[in-house]
Amino acid sequence: MLKNYLLTAWKVFLRRKLFTFINLFGICLTLTIIVVATRVADNHLHPKGPEKNNSHYLVVSHLVMTNKSHTRTQSIYPGFKFINDYVSPLKVPEIISIYTKLNKISTYIQGKKIEYTIRRTDANYWRILDFEYVDGEAYSQEQFNLGKAVAVLNQTTAEQYFGQESAVGKTIIIQKKKYEIVGVVQNVPRTEIDAFSDIWLPFTTLPSTSYRQQVSGVFSAMLHHSNPKQLENIQQEFTSRLQQDFVAIDEYTQAFSHADNPLQAMARDIFGDSKSFENYTSTLIIAICIISFLFMLLPSINMVNLNISRILERASEIGVRKAYGATTLQLVWQFIVENVLLTLIGGVLALLFSSFILASIEMSGLIPYVEFPFNLNVFVISLLMTLVFSLVSGVYPAFKMAKLDPVLALKGGLK
Amino acid sequence: MLHLKNICKTYQTDTIETSALSDINLSIKKGEFISVMGQSGCGKSTLLNIIGLLDQPSSGDFSFAGQPITSYKDKDIAKLRNEKIGFIFQSFHLIPDLRVVDNVELPLLYRNVSAKKRKQMALEALEKVGLSARTQHYPNQLSGGQQQRVAVARAIVGKPKLLLADEPTGNLDSHMGNEIMEIIESLHKDHNTTIVMVTHDEAMAKRTERIIRVFDGQLVH
């Protein structure tokens, strides 16, 4: 039976080339966009680089302070003092790391201007994030405490400075200060925002210690626990500390800051009220579902229309099948199989196109070192999306076609 | 085999009620070969559709093979049509996307018959209509007469008790029409199949055992 359905479907596709093309084009375009979006989102939420264990830590990277009446608000990046006073004393996290945001510097290597990004970190940073070492190792707690001028480079930067020679033990000059290279790590994709950099230095090597007194600055904190279930407790501890212990700074009496995982951070960016401790993840997920559904609905409606227009052409076939004993449900099943087949072909093409697009993004260097490896999760999600798409666009026409009155169908007409 | 008692069929539109059949009383014996004649629009195709369970009467009683038809539920009548009735249409109604053999297999798809057995039965039916050499062709590669022979093979592949033919020779020239008629006659003779044939052709009708004439939705005796 299925073979017969598939055979008929295939012949119908070949006979109606324009119809098949328009349908496939719609399916393919929609699914390509969805697959690309899913793979980019997956890459962000489940990174493959040093942030691969992001289910074990949270990040504090924003601070909002307001006065009592909420008439004056300051939205800033936290300074070292804020983190040292309100994050470092937390009891639940097993490891806390403090690190700066990225800083761009230019340097000349053999007369050629090259731009690098620099991040300054503590020693815990290397314990939480899972870097792959090509050579040497990260700077130690002792080197950090003593403010030793040491550096870790990514592979590309090491090669730009020293070619194929080992970089470890050699020195580079950054902002007029000489640093000894202690380790070289594999390149980190730009999408891993807390791990990415070209060069990492201990922040104890900063020329001045004035940063230690600043509430506003360029610092972030990473709060790690080996048991992901404890992360919620970390969030609660941090929130209650800010609510109870925040000491007013000038007129600012209240502080709002959050220890977020990547999804929570994304949700807060889009929907969040900065002066709140609420969690917006579910809002984000609902919004994504609604947007995806609407996005798939438009081409589905188009397919519904095209499919219904086929009724006239296939009325005789429907009439004959009914006359010879096909039930409405059997015909519904037949038309759904046809639609699923067409959508699956579209889905396969979409997977190929999306891989091509993502490979082009990887190769363009638009996002440094980014990689979108094939991922079974994404494949399964894409496949499910494809099936949902084919059901959304196929069920109604299938019922409409299958319910044709056999007498009218044999006359080639519609009720 | 078939009993129609006080069968009426009316079509209702927003403003008008049209009567297609009124007060039809008809019995057809098992193994009988009858023809239904009448002018275009007189209701003979409606009668055939009601007998073939493709259409539902507005009122009256209909019993098929001793069994009164009380339910016109999709699933119930689909089974009856599949097992008991074969249809031959004036315009063949072959599925253009399927090969001859697959077209003939069609009624068996809706029964529990293995693919191998289906193919075997389809080939046997095609042999009966003299089309063994054309099993892998597509309908549009055949002449009108050959296409109707495929349709006959499809109608008989499931060994139905009742064969309904709606102007089976109407779209064919007299030579091909005669060929089809001979095949239908042999089915009647060899398998004792009950056959109801709608026709405009007096000569064809005379070859059947009984002629029923319909005029303005009523039987004329």
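Let's start with helix H7 of chain A, on its exposed face. Turned away from the buried side of H7(A), that face carries A:Ser240, A:Gln243 and A:Gln244. This is a predicted model, by the way.

Which residues of H7(A) are buried? They are A:Leu231, A:Ile234, A:Gln235 and A:Phe238. These four sit on the same side of H7(A), because they cover an arc of only 100 degrees around the axis. The spacing fits a general rule. An α-helix has 3.6 residues a turn, so residues three or four places apart point the same way.

What covers the buried residues of H7(A)? The cover includes three strands of chain A: E1 (57-60), E12 (219-224) and E14 (259-260).

A quick check on length. H7(A) runs over residues 231-245, 15 residues in all. At 1.5 Å a residue, the helix should span 21 Å, and its end C-alpha atoms are 21 Å apart, so the two agree.

Next, step back to chain A. Domain 1 takes in 2-47 + 283-410, and domain 2 is 63-257. Their C-alpha centres lie 46 Å apart. Eight residues from domain 1 of chain A and six from domain 2 of chain A make the contact. On the domain 1 side, five are nonpolar, two polar and one charged.

Last, the two chains. Here 20 residues of chain B are in contact with 21 residues of chain A. On the chain B side, helix H2 (74-84) and helix H3 (100-109) each supply at least two residues. H2(B) gives the most, with six residues. By class, that side of chain B has 10 nonpolar, three polar and seven charged residues.

Note on methods
Residues numbered from 1 in each chain as written. Chains lettered and ligands numbered in written order. Predicted model: local features only at pLDDT ≥ 70, side-chain atom pairs only at ≥ 80, totals over all residues. Contact = placed C-beta atoms within 7 Å. Nonpolar A, V, L, I, M, F, W, Y, C, P; charged D, E, K, R; others polar. Domains from an automatic or database assignment. Expected span 1.5 Å × (residues − 1). Buried ≥ 20, exposed ≤ 12 C-beta atoms within 10 Å, placed from the backbone. Arc of directions from axis to C-beta.
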